[in-house]
Each structure stands twice: as C-alpha cells, then as structure tokens.
Amino acid sequence: MDFQRLADDLGLNLEEFKELLELFVDTSTADLDKALSAVDAKDAETVARAIHSIKGASGNLGFMEIYEAARKLEADARANRWEEILMPIHRLKDQIRDISAMLHP
Amino acid sequence: MMEKKSSMSFPILIVEDNPVSRNILYKILANAGYDVVATENGHEALKVFRDRFFPIILSDWLMPGMDGIELCRAIRKMQLPGYIFFVLLTAKDSKADIIEGLKAGADDYLTKPVLHAELTARIRTGIRILELEKSLQSRRRGNQGFFRDRPLDRML
C-alpha cells in the first residue's frame with residue numbers, strides 16, 4: 001500500500017494522511033465491532049449503518065478494495081443476506097489491522 | 001468543530017458526520033487556502049450558521065438527526081444577506097436522488113468517494129456564481145443611487 005501516492009491524490013502531505021489513517025483505523029475498528037455485535041443480534045440496520053461509515057471513509061481515503069467490499073457488505077446487510085455477512089466483516093477487520101501494522105511497524 | 005481562518009472572502013461550512021471524511025474535506029479545503037469550519041450534523045451546522053454567515057455549504061446527505069436535505073430546506077427558508085451555494089455530498093447517484101436533492105434547493109452535488117480535484121473545481125464554480133451575485137447586487141445598489149439622485153422630472 002503506497003501511502004505517499006494516496007496522500008498525493010488527496011493533496012495532503014504524508015503526515016496529514018497518516019493522522020487521517022489513525023482516525024480511520026480507530027473508527028473502523030469500532031464500527032466493525034459494532035457490526036459484529038449487531039450480526040449476533042440479527043440487527044441488519046445497525047450492521048448496514050456501521051459498514052456504511054467504513055464505506056464512506058475508505059472511499060474518500062482511496063482504499064478502493066475496502067470501499068468495494070464495504071459497499072457489497074452494506075447491500076447484503078440491507079437485504080438480510082446473513083450468510084454473506086460474517087466472513088467479509090472478519091476480512092475487513094484483517095485489512096484494517098494490516099493498515100494499523102503498516103502505520104506502526 | 002474545526003476552524004481555519006484565511007483571507008478568502010467566501011468561507012465554507014462543512015457538514016459531515018463521518019469523522020474521517022469530515023477531516024479529509026476540511027484538510028483539502030484548508031490546504032487550498034479556504035476559510036473552513038467543519039461541523040458534525042445539520043443541527044450543529046445551523047447553530048454555527050446563526051452566528052456567522054457562510055456563502056458556501058458542503059453537506060453530506062445521510063446523517064443522523066438532521067440530514068443534508070433537511071438542512072438545505074431550512075437554509076432556503078431563511079432571510080439571508082446573500083445567496084448560499086449549497087453542495088450536497090452523496091453516495092446516492094441515481095437520477096431520482098439527484099433530482100430530489102436539487103428540488104430541495106441544492107445547487108450542485110458531489111458523489112462519494114469525493115475526488116480532490118473535483119471538490120476544488122466545484123467550489124470554484126460556486127465562487128464564480130457568488131461573485132457574479134455580489135457584482136449584480138452592488139450594481140443594483142449603484143443604480144438605485146443614480147435614480148434617487150436624479151428624479152425623473154429633472155431628467156426630462
């Protein structure tokens with residue numbers, strides 16, 4: 001993942017971009033935990049809302065792979081496709097953890 | 001609430017509930033030299049707006065509490081000292097959604113994810129329109145003065 005290129009795309013310097021990434025990691029981790037609890041409670045609206053938040057943030061940061069996964073996941077949650085939801089949430093958690101690891105090598 | 005002052009004469013009010021997206025918008029516009037204030041939802045935006053006039057509002061559509069459409073309608077109902085260029089940010093991109101936004105009084109819309117270059121280009125479009133409005137207003141004031149100083153019977 002080329003943070004410098006993503007920062008350039010937003011017209012930000014690398015330090016500014018990394019600050020945003022810290023915020024993204026924190027908020028997305030909280031959103032994913034919220035989504036996982038909501039899956040247990042079969043609360044589709046809360047899952048969709050938590051994933052919607054990750055979708056918006058990842059898209060604006062330029063993480064298009066996460067954005068696409070979140071977009072599909074939000075649609076699956078809204079359509080109550082419970083069997084499609086759990087694995088992608090865990091995959092997103094892994095991706096967010098990878099970003100965090102790159103920020104704190 | 002975040003705030004950055006600069007010499008730009010068209011301050012921008014950002015309304016976005018997502019903290020990452022709000023910060024991105026704020027940083028892009030502040031780095032471009034704009035005077036920016038960022039708020040988290042429609043209610044907070046209205047509170048800030050009551051104390052200070054913003055000719056440009058950049059608002060997310062879907063937000064808890066007061067959403068972007070409701071905020072736009074509320075702003076359009078107010079008696080204000082000048083025009084407000086209202087841009088809606090949305091992940092919605094169907095024609096019906098866009099029409100709903102424009103009908104509520106939005107001047108323009110940006111679909112998310114927002115591109116840096118597109119954002120600043122749309123803001124510049126807004127400023128062109130606001131500058132035009134400003135020059136029309138001052139010309140109108142000038143004309144009113146001209147006719148007030150020259151009653152019609154004396155001109156004939």
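Start where the two chains meet: select the contact, which takes 16 residues from chain A and 14 residues from chain B. Keep in mind as you go that this is a predicted model. On the side of chain A that touches chain B, the elements giving two or more residues are helix H1 (3-10), helix H2 (14-40) and helix H3 (44-61) of chain A. H3(A) gives the most, with six residues. Colour that side of chain A by residue type and you will find eight nonpolar, six polar and two charged residues.

**Stop 1: H3(A) against chain B**

Now show H3(A) together with helix H1 (residues 19-31) of chain B. Their axes come within 8 Å and cross at roughly 30°. Angles under 35 degrees count as roughly parallel, so that is how H3(A) and H1(B) run relative to each other. The crossing of these two helices is left-handed. To see who makes the contact, select Gly56(A), Ala57(A), Asn60(A) and Leu61(A) on H3(A), then Val20(B), Ser21(B) and Ile24(B) on H1(B). By type, the residues of this contact are four nonpolar and three polar, with no charged ones.

**Stop 2: H3(A) within its own chain**

The axes of H3(A) and H4(A) come within 8 Å, and they cross at roughly 160°. Here the angle is over 145 degrees, and the pair is therefore roughly antiparallel. The crossing of H3(A) and H4(A) is left-handed. The contact of H3(A) with H4(A) divides into ten nonpolar, three polar and four charged residues.

**Stop 3: two loops of chain A**

Most residues other than glycine have a negative phi. Two residues of chain A are worth a click with that in mind. Lys42(A), in the loop between H2 and H3 of chain A, has a positive phi of about 50° although it is not a glycine. Is Lys42(A) buried or exposed? Lys42(A) is exposed, because 10 other C-beta atoms lie within 10 Å and the limit for that class is 12 or fewer.

Next go to Asn80(A), in the loop between H4 and helix H5 (86-103) of chain A. Phi of Asn80(A) is also positive, near 55°. Asn80(A) has 13 C-beta neighbours inside 10 Å, so it counts as partly exposed.

**Stop 4: a covered strand in chain B**

Move over to chain B and select strand E5 (residues 85-90). E5(B) is mostly covered, with six of its six residues buried. On one side sit Phe85(B), Val87(B) and Leu89(B), and on the other Phe86(B), Leu88(B) and Thr90(B). Bring in strand E4 (residues 56-60) of chain B: five bridges join E4(B) to E5(B), and the two run parallel. Across this pairing, Ser59(B) stands opposite Leu88(B).

**Stop 5: His43(B)**

His43(B) lies in helix H2 (residues 42-51) of chain B. With 17 C-beta neighbours inside 10 Å, His43(B) is partly exposed. Leaving aside residues up to four places away in sequence, His43(B) touches Gly65(B) and Met66(B).

**Last stop: a cis bond**

Most peptide bonds are trans. Finish by selecting Lys112(B) and Pro113(B), which are joined by a cis peptide bond with omega about 0°. Pro113(B) lies in the loop between strand E6 (108-111) and helix H5 (116-149) of chain B.

Definitions and conventions
Residues are numbered from 1 along each chain as its sequence is written. Chains are lettered from A and ligands numbered from 1 in the order in which they are written. This is a predicted model: local features need pLDDT of at least 70, side-chain atom pairs count only at pLDDT 80 or more; totals for chains, interfaces and linings use all residues. Two residues are in contact if their C-beta atoms, placed from the backbone, lie within 7 Å. Helices (H or I, at least four residues) and strands (E, at least two) are DSSP runs, numbered from the N terminus. Ala, Val, Leu, Ile, Met, Phe, Trp, Tyr, Cys and Pro count as nonpolar, Asp, Glu, Lys and Arg as charged, and the others, Gly among them, as polar. Axes are lines fitted to C-alpha atoms, for helices over the stretch in contact, and angles run from 0 to 180 degrees between N-to-C directions. Angles under 35 degrees count as roughly parallel, over 145 as roughly antiparallel, 65 to 115 as roughly perpendicular and the rest as oblique. A crossing is left-handed if the near helix is turned anticlockwise from the far one by less than a right angle, and right-handed if clockwise. A residue is buried if 20 or more other C-beta atoms lie within 10 Å of its own, exposed if 12 or fewer, and partly exposed in between; C-beta atoms are placed from the backbone. Two strands pair if DSSP finds at least two bridges between them.
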